[in-house]
Amino acid sequence: MTVPFELVARGKVREVYAVDDRLLLVASDRISAYDAVLPTPIPDKGRVLTALSVWWFDQLSPVLAEHGAGHHLLAAGNALLPEGVPAELAGRAMLVRRLEMLPVECVARGYLSGSGTSAYQRSGAIVDVPLPAGLVEGSRLPEPVFTPSTKAEVGEHDEAIPFAGVVEAVGAEQAEALRSLTLALYRRGAEIAEQAGIVLADTKFEFGTAGSPSLVLGDEVLTPDSSRFWPAITWSPGAPQPSFDKQYVRDWLTTSGWDRVSPAPELPEDVVAATRDRYVRAYEQLTGEPWS
Ligand code: PZK
């Protein structure tokens with residue numbers, strides 16, 4: 001497929017194109033697991049994640065407004081996109097304001113998981129954020145915490161940084177604003193997810209600046225690719241929690257004999273179908289709207 005716009009950034013499963021002074025964020029149907037992009041696409045994944053982001057931007061608007069902030073979404077959906085956007089991108093593209101992106105990943109955690117658990121087991125803290133004794137993988141934290149990280153180069157992992165690192169990068173005033181807004185957005189998102197039977201364990205936001213409002217929420221928001229979603233019904237601290245979206249993929253890869261170094265194997269069609277179903281169910285459960 002040829003997109004008649006300049007490619008300005010490319011992630012594992014997404015692309016960004018320049019459209020005059022704006023950007024087009026395109027979500028593919030590609031899926032990653034264990035740091036690899038799998039050769040088998042998940043039908044509708046790009047459309048589901050785009051629709052979820054669009055829905056979350058709307059849900060989070062009041063929180064952003066309370067903080068004097070905005071979001072970058074200008075338009076989404078076939079009819080609203082500029083002329084020249086290919087039909088194959090229908091539903092998978094968001095037209096957004098071009099921002100000066102801030103050089104930090106704004107991570108909020110309400111539950112202990114992954115790299116947070118590793119850090120906690122080493123030091124009782126996540127970098128400079130102390131946590132109480134006795135927590136285990138999957139524990140709910142007494143309060144959500146802001147654990148920012150650097151934006152890693154391609155192929156590297158993000159690295160957690162202390163709050164002072166955010167101050168160094170963006171100044172004290174903006175650092176405080178990022179922490180406060182990140183935690184407020186996470187709290188509201190987790191509350192909405194909880195009502196839908198989904199634990200929003202943690203998430204990563206990216207912000208940029210523009211003329212006005214100064215602080216603008218960018219990127220994708222509260223999708224399974226930027227967050228850990230767990231089914232509330234199986235939440236049971238003390239071991240890794242099943243992922244709402246990728247568990248079938250991880251389980252199958254684990255039993256496939258794949259060495260996690262070679263190119264990943266094609267997924268069998270039942271795993272593809274079950275995984276597509278999980279994305280669609282996440283959308284339907286969260287929004288209360290049927291997928292179609
Ligand atoms: C921007 N990325 C990350 C990398 C992706 C996304 N509104 C914006 N203004 C300027 N730059 C960006 C955004 C946004 N969002 C974000 N890169 C550029 C990224 C790779 C693939 F889809």
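Which polar backbone atom is 2.7 Å from a nitrogen atom of the ligand? That atom belongs to Arg 97. Before going further, note that this is a predicted model, in which local features need pLDDT of at least 70 and side-chain atom pairs count only at pLDDT 80 or more, while totals for chains, interfaces and linings use all residues. Residues are numbered from 1 along each chain as its sequence is written, and side-chain values use heavy atoms, with hydrogens and water left out.

**First selection: the ligand**

Select the ligand and the 15 residues around it; Arg 14, His 72, Arg 97, Leu 99 and Asp 219 come nearest. A residue counts as near if one of its heavy atoms lies within 4 Å of the molecule. At Leu 99, a backbone N or O atom lies 2.8 Å from a nitrogen atom of the ligand. At Asp 219, a polar backbone atom is 3.1 Å from a ligand nitrogen atom.

Two packed helices are described by the angle between their axes and the distance between the axes. Helices here are DSSP runs (H or I, at least four residues), numbered from the N terminus. Axes are lines fitted to C-alpha atoms over the stretch in contact, and angles run from 0 to 180 degrees between N-to-C directions.

Select residues 163-170 (α3) and 172-195 (α4): their axes come within 7 Å and cross at roughly 125 degrees. That makes α3 oblique to α4; angles under 35 degrees count as roughly parallel, over 145 as roughly antiparallel, 65 to 115 as roughly perpendicular and the rest as oblique. Now display the side of α3 that meets α4, including Phe 163 and Val 166, and its partners in α4, among them Leu 178 and Arg 179. Contact means heavy atoms within 4.5 Å.

Next, select α5 (residues 247-255) and α6 (residues 269-287), which pack at about 155 degrees with axes 8 Å apart. The two helices are therefore roughly antiparallel. Tyr 248, Val 249 and Trp 252 of α5 meet Val 271, Ala 274, Thr 275 and Arg 278 of α6.

Among the residues in contact are Trp 55 and Trp 56 of α1 and Tyr 279 and Tyr 283 of α6.

Key: A polar contact is a pair of N or O atoms within 3.5 Å; within protein, one must be able to donate a hydrogen and the other to accept it, and residues adjacent in sequence count only if both atoms are side-chain atoms.
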